[in-house]
Structures are given as C-alpha cells and as structure tokens.
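This report describes selected features of one protein structure. Please examine the sequence and the structure shown below before reading on.

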Amino acid sequence: MFFLFFFISQPVIGQASQIALFWQDKPLESLGPQIKQGNIYIPIKVMENAGASIYINDSEVLINYQSEDHLFSLESNGDLLEKFGNEYYLSAEAFSSRFNLDIQWNSAEKTIFISEKGLKRTVLGLDFNDSQDRAILTILHQGTAEYEVTKLEPGKLKVDLFKTTLEKPLGILLIDHPLLYSVRAEQLSRDQVTFYIQGKEGLEFESRLVGDDLVLEFFYTVERFEYRSIGGLPLLFYESKTGLPEYREYLEGDLTLVREFTGVKLMGKAIKENIDDDLIDYFEYYQEGPRVYSLIKLKPKLADFFASSVQGKRLAQLSKITSRQNDLGTELIFDVIGSPYYKTKKEGKRLIIDFEDVQVNNMVRDITYSSEYNGLTVTKLTGDSIRVEILLKDCSGYALSKKDEYTYSVQLVKRDLSSKLIILDPGHGGYDPGTVGAFLEEKDLNLDVALRLRDLLVDFGYKAILTRETDLYISLSERTNLSLSSGADLFVSIHTNGSLNQLANGIETFYAPRNSEGKELAEYIQRALLVQTKALDRTAKEANFWVLVNNVPCSVLVEIGFVTNAPEEERLSQSHYRQKVADGICSGIIGFLN
Ligand SMILES: [Zn+2]
C-alpha cells in the first residue's frame with residue numbers, strides 16, 4: 001500500500017540499508033536513503049536523474065531543477081542539508097516541498113518512490129472515428145503524451161506511452177472495422193501504459209500529437225496498379241495486402257478516367273507508364289495527402305462509353321430535394337449524382353450538411369414545410385462545396401442515411417412518436433463483406449435479417465430505421481451517429497460470426513460492459529432467439545464493441561450464427577431460417593419493451 005511520506009510512524013533506525021530508492025520507477029542502486037531520528041533523508045544526487053544541475057562548493061549547495069515549464073531552485077549554506085559520509089542529503093519533506101515531488105513510502109516493501117508531481121499524466125480514454133473514409137484512433141491524454149509506436153508483426157502494433165497511467169481500465173475494445181479489429185490497453189508498469197492494436201495484415205499507420213492527445217491514423221495499402229486491356233476495355237488491376245476501400249470514379253475533362261481512394265498509402269513508387277495501344281495513351285498512379293489516385297488517359301473513341309458508364313464528373317450534382325411525410329415525421333430526400341464527401345453538424349435549431357465537390361445547377365426543389373422543419377437553404381461555399389441548412393422546428397432528432405448510391409435521406413423525427421424508435425444496424429456492407437463462409441458473406445445475411453426484422457417491428461407498431469438498406473459501406477461512426485442524433489430508444493446491430501475453429505457454432509448477444517439496460521435487452525433477445533432457432537446457446541454477455549460503448553444506452557449486438565460452420569451456414573442460407581432469426585430478435589425486443 002502506498003501513502004504520502006512525511007512522517008514515519010515507526011522508527012526505522014538501522015534499516016537504512018534495506019530501503020530501496022526509485023526515481024520514476026527506476027531503481028537507484030548506489031544511492032541509499034539514510035535514517036536519522038525517525039526522519040528519512042534522501043541524497044541530493046538523486047536530482048541528477050531529473051536533469052537538475054547541482055553545484056557544491058564547501059558546504060554551499062545550489063540545485064536548479066526544471067520541471068515542465070517551472071524552475072525550482074534550492075540554495076543552501078548547509079542549514080537544510082545533512083551530510084552522511086561525503087554525500088549531501090535533504091529530508092524527504094524538504095525534498096517534496098522544495099521540488100514539488102511526490103514521495104511515496106511503501107512500508108511493506110521498504111521502498112521509496114520519487115516521481116514528478118506536476119506530470120499527473122493519464123490516459124483518459126479512446127476515441128475512434130471513421131466517418132471521412134479514414135480510420136482514426138485517438139488516445140485521449142491529459143498532459144503531453146510521450147510515446148513510441150512499434151510494429152510487432154503484420155497488422156499488429158504496440159504503442160507505449162511513458163510517464164502515464166490508465167485513469168480507468170479500458171480492457172479490449174472490439175472495433176470490427178475492415179482495417180482495424182481491436183485495441184487492448186494495459187498498465188504495463190507503474191508509469192507506462194501499452195496499447196496493443198490488431199488490424200488487417202498490411203495496414204500502415206501514422207502517428208502524431210494533437211494537443212495532448214495521440215492520434216493514430218490507419219491506412220489501407222496498395223503496392224502497385226497494373227494495366228490490362230480485356231474485351232476491348234482498359235482495366236487497372238491492383239496488388240494490395242489490405243484490399244482497397246470504396247473509391248470515387250470520375251472523368252476529369254473528357255478523357256481522363258480517375259479513381260480516388262481515400263485512406264490509402266501507396267507502398268511502391270508513383271508511376272506514369274506510356275501504353276499507346278488502341279484504348280489508352282498512358283496510365284499513372286500517385287499519392288496525394290491521404291489519397292491515392294489512379295488515372296487512365298483514354299483514346300478519344302472511348303470518351304462516349306465512359307461518359308455514360310462512369311458515376312459522374314469529379315463534381316457530383318445535387319439534382320433534386322424532395323420532402324415527404326411518413327410515420328416518423330418528415331423525410332427529406334436528396335438526389336445526388338456522383339459520390340461526394342459530406343459532414344453533418346447541428347447548431348441549435350440548425351441542421352447543417354456540408355457536401356464537398358458538389359455542384360448545384362437547375363436543382364429541383366419540391367418540399368413542403370412541416371411541424372418538424374420550417375426552412376431549407378442551399379448555399380455555395382468556397383470551392384466546390386455546398387451547404388444545406390435545415391431549420392428545425394419541433395423535432396426530436398434526425399437520422400441521415402444513404403438509401404442507395406444516389407439517394408441521401410434526412411429523416412426528421414417528430415416530437416411525440418407514438419412508439420419506441422429502434423435503429424437496426426446490419427453490420428458491414430459494400431467493399432467490407434465481414435466474415436466470409438464457404439458460399440455466404442456476412443454482409444448479405446445481416447441485411448436480409450435486418451429487413452425482415454424491420455417489417456416485423458413495423459407490423460407490431462414500432463418505428464424502425466436501418467443504418468443501411470442496400471449493399472453499401474457505412475462507417476461505424478455514421479452508424480452510431482445515426483442512433484445518437486435521432487433520439488432512438490434502442491440500437492440493435494446484426495452480425496454473423498466467424499471462427500478459425502470450424503466447429504464453433506451458435507448464437508450470442510453482446511451488450512456494453514456495466515450496462516444494465518443493454519444486458520436486459522440482450523438477455524431477452526438471446527432467449528427468444530434460442531426458442532425460435534434451437535441454435536447452440538453462447539449466451540448474452542459483455543463485450544466492449546465500439547458500436548455499443550459509444551451509443552444510446554440500450555444497445556446490443558447480435559451474432560446470429562457462424563458462417564464458418566458448415567451446418568450453420570447451410571441453415572443461414574435458408575430464408576425460412578433467417579425468418580426465424582428475425583422472429584426471435586423481434587419477440588426479444590417486444591418482450592423487453594413490455
Ligand atoms: Zn461483423
């Protein structure tokens with residue numbers, strides 16, 4: 001047990017040689033404290049370990065010690081000091097007060113720990129954000145973080161933070177992101193915290209301090225691109241250990257076909273290669289900021305073909321805004337040709353959506369104000385960005401989602417919903433298949449069950465919103481933002497399991513640690529699912545899933561079975577079995593709500 005040392009309750013005379021002295025956890029072997037009349041004296045030489053300058057002249061001593069941005073000085077003609085042998089000593093009390101040091105005496109272990117008081121560095125928590133097509137993990141820190149990042153093996157790294165502690169245990173955070181799987185935090189010693197990060201083999205990262213926090217940005221990687229003409233079409237293939245995320249494709253001018261990959265690092269050299277066959281002049285690829293661009297310069301005869309088949313120009317077009325009333329309130333629908341980047345924020349009564357790289361020409365506006373909103377403006381910002389501003393009236397929240405490639409929906413949720421609002425979150429989607437079985441992909445099963453579940457819930461009079469309704473990649477941040485901003489009562493994430501052990505099978509439901517509401521909902525769902533499916537009970541249990549801990553209180557994640565288990569994959573392939581799964585989750589939710 002540690003306590004602040006000033007007075008020693010028991011005389012320790014004669015035990016001096018047995019007391020071990022530590023500076024910031026480092027044992028100082030040659031320097032032993034001395035005991036005199038029940039007081040402990042510490043050699044001033046210790047201060048050399050803190051980078052202090054020490055001048056000794058006859059019996060006069062001057063110590064200058066810089067801690068953070070504070071200079072401590074001690075000047076003594078001997079009255080404060082004790083001399084044992086040839087060494088000068090200072091009482092522990094004087095040491096602590098003069099240099100603002102924390103001195104802890106452990107009576108059981110006979111140790112004295114000296115540490116810099118001003119530091120009080122601590123790891124406050126973790127933040128994860130992947131809303132802008134980039135996976136960013138932030139280690140929130142009080143006091144400037146001192147750190148070192150080490151690659152352990154492909155996809156695994158460790159981050160050591162020095163002179164700091166964990167404010168609270170963080171355990172393992174499960175992220176289930178296509179690039180980043182989990183983060184585990186450990187207090188490695190008294191003043192060192194280590195994070196172990198596990199992700200996809202081939203991932204790259206960059207680290208930097210932002211204020212006191214340590215920001216780690218993760219990248220997909222691509223080694224190189226290769227051109228081939230197949231069936232009269234110019235195609236670029238790529239070699240990548242991580243696979244590549246969704247990209248934007250557009251024509252720059254009439255003849256340059258561009259693909260823009262965000263959150264990707266080019267591992268090889270940037271290349272421009274002349275081809276001059278009957279399809280293209282050249283192709284090239286290069287890195288610019290967090291993005292990799294690949295370009296093909298087409299021959300004129302292909303211009304028409306690509307003008308009609310490519311998603312759009314670099315600048316997307318906002319072509320239409322319509323509104324409609326529904327059970328939830330008002331839904332605003334934005335037709336956008338192309339795939340722009342977008343951000344939302346709410347400032348008081350104003351809901352702001354900023355679209356990047358978007359043009360507005362001859363936009364059709366077919367909206368009617370309602371009790372949820374009474375204003376909508378579209379303004380051009382600098383560059384090619386536009387801002388949509390929605391003036392909210394009487395509205396309990398909003399849910400921005402992408403219905404399909406071309407349709408963005410902003411659901412304004414009315415104030416007095418007659419029933420609970422449930423967010424259904426089919427995991428993965430788009431380029432992220434989730435767990436892959438012999439013939440099924442997790443993303444498809446999750447979506448199928450979520451759609452069935454929505455129909456059931458609506459039939460029972462509940463309101464439900466899906467985080468995705470088609471095969472689209474939706475970031476984890478967008479998923480949790482949707483339930484947090486909409487004022488949802490429940491969040492149910494639907495996933496399918498996988499394991500290297502092909503025998504592993506069954507159903508499990510997770511809730512965030514120490515969350516009693518989530519626990520109860522998870523137990524209801526788990527029980528009802530077993531009744532419906534007769535699957536193996538892997539129980540309702542705690543897990544630190546990112547989508548659960550940063551969400552509305554009543555959040556669960558259901559793993560409906562293992563696609564890596566042959567009999568279970570076979571069952572999951574049958575629509576009547578998936579209906580049973582949906583029935584089970586539905587009756588669990590209803591049981592919980594009643
Ligand atoms: Zn999953």
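## Confidence of the model

What pLDDT does the protein average? The model is predicted, and the protein averages a pLDDT of 88. A score of at least 70 is reached by 95% of the residues.

Residues 1–16 form a stretch where pLDDT stays under 50. For these residues, the model has 20 contacts beyond four places in sequence.

## Strand β16 and its partners

Strands of a sheet pair through backbone hydrogen bonds, in either a parallel or an antiparallel arrangement. Strand β15 (residues 146–153) pairs with β16 in the antiparallel sense, over seven bridges. Within this pairing, Lys151 stands opposite Leu157 of β16. The two strands β15 and β16 form a hairpin with two residues between them, and Gly155 in the turn has a positive phi of about 85°. Strand β16 is also joined to strand β20 (residues 192–199) by seven bridges, and these two strands run antiparallel. Here Lys156 stands opposite Gln198 in β20.

Which side chains of strand β16 (residues 156–162) are buried? The side chains alternate along the strand.

## An open sheet of four strands

Four strands form an open sheet in the order β34-β35-β39-β38, with antiparallel pairing. The edge strands are β34 (342–347) and β38 (373–380), each of which pairs on one side only. From one strand to the next, the twist averages 15°.

Strand β34 pairs with strand β35 (residues 350–355) in the antiparallel sense, and six bridges connect them. One of the residues involved is Tyr342, whose bridge partner in β35 is Phe355.

## Two crossing helices

How do helices α5 and α8 cross, right-handed or left-handed? The axes of helix α5 (residues 516–533) and helix α8 (residues 575–593) come within 7 Å and cross at roughly 140°. The crossing of α5 past α8 is right-handed.

Residues from both helices make the contact. On α5 they include Leu521, Tyr524, Ile525 and Ala528, and on α8 they include Val581, Gly584, Ile585 and Gly588. Sorted by class, the contact of α5 with α8 has 10 nonpolar, six polar and four charged residues. Among the contacting residues are also Glu520 and Arg527 of α5, together with Lys580 and Asp583 of α8.

Notes: Residues are numbered from 1 along each chain as its sequence is written. This is a predicted model: local features need pLDDT of at least 70, side-chain atom pairs count only at pLDDT 80 or more; totals for chains, interfaces and linings use all residues. Axes are lines fitted to C-alpha atoms, for helices over the stretch in contact, and angles run from 0 to 180 degrees between N-to-C directions. A crossing is left-handed if the near helix is turned anticlockwise from the far one by less than a right angle, and right-handed if clockwise. Two residues are in contact if their C-beta atoms, placed from the backbone, lie within 7 Å. Ala, Val, Leu, Ile, Met, Phe, Trp, Tyr, Cys and Pro count as nonpolar, Asp, Glu, Lys and Arg as charged, and the others, Gly among them, as polar. pLDDT is the predictor's confidence in each residue, from 0 to 100. Two strands pair if DSSP finds at least two bridges between them. A residue is buried if 20 or more other C-beta atoms lie within 10 Å of its own, exposed if 12 or fewer, and partly exposed in between; C-beta atoms are placed from the backbone.
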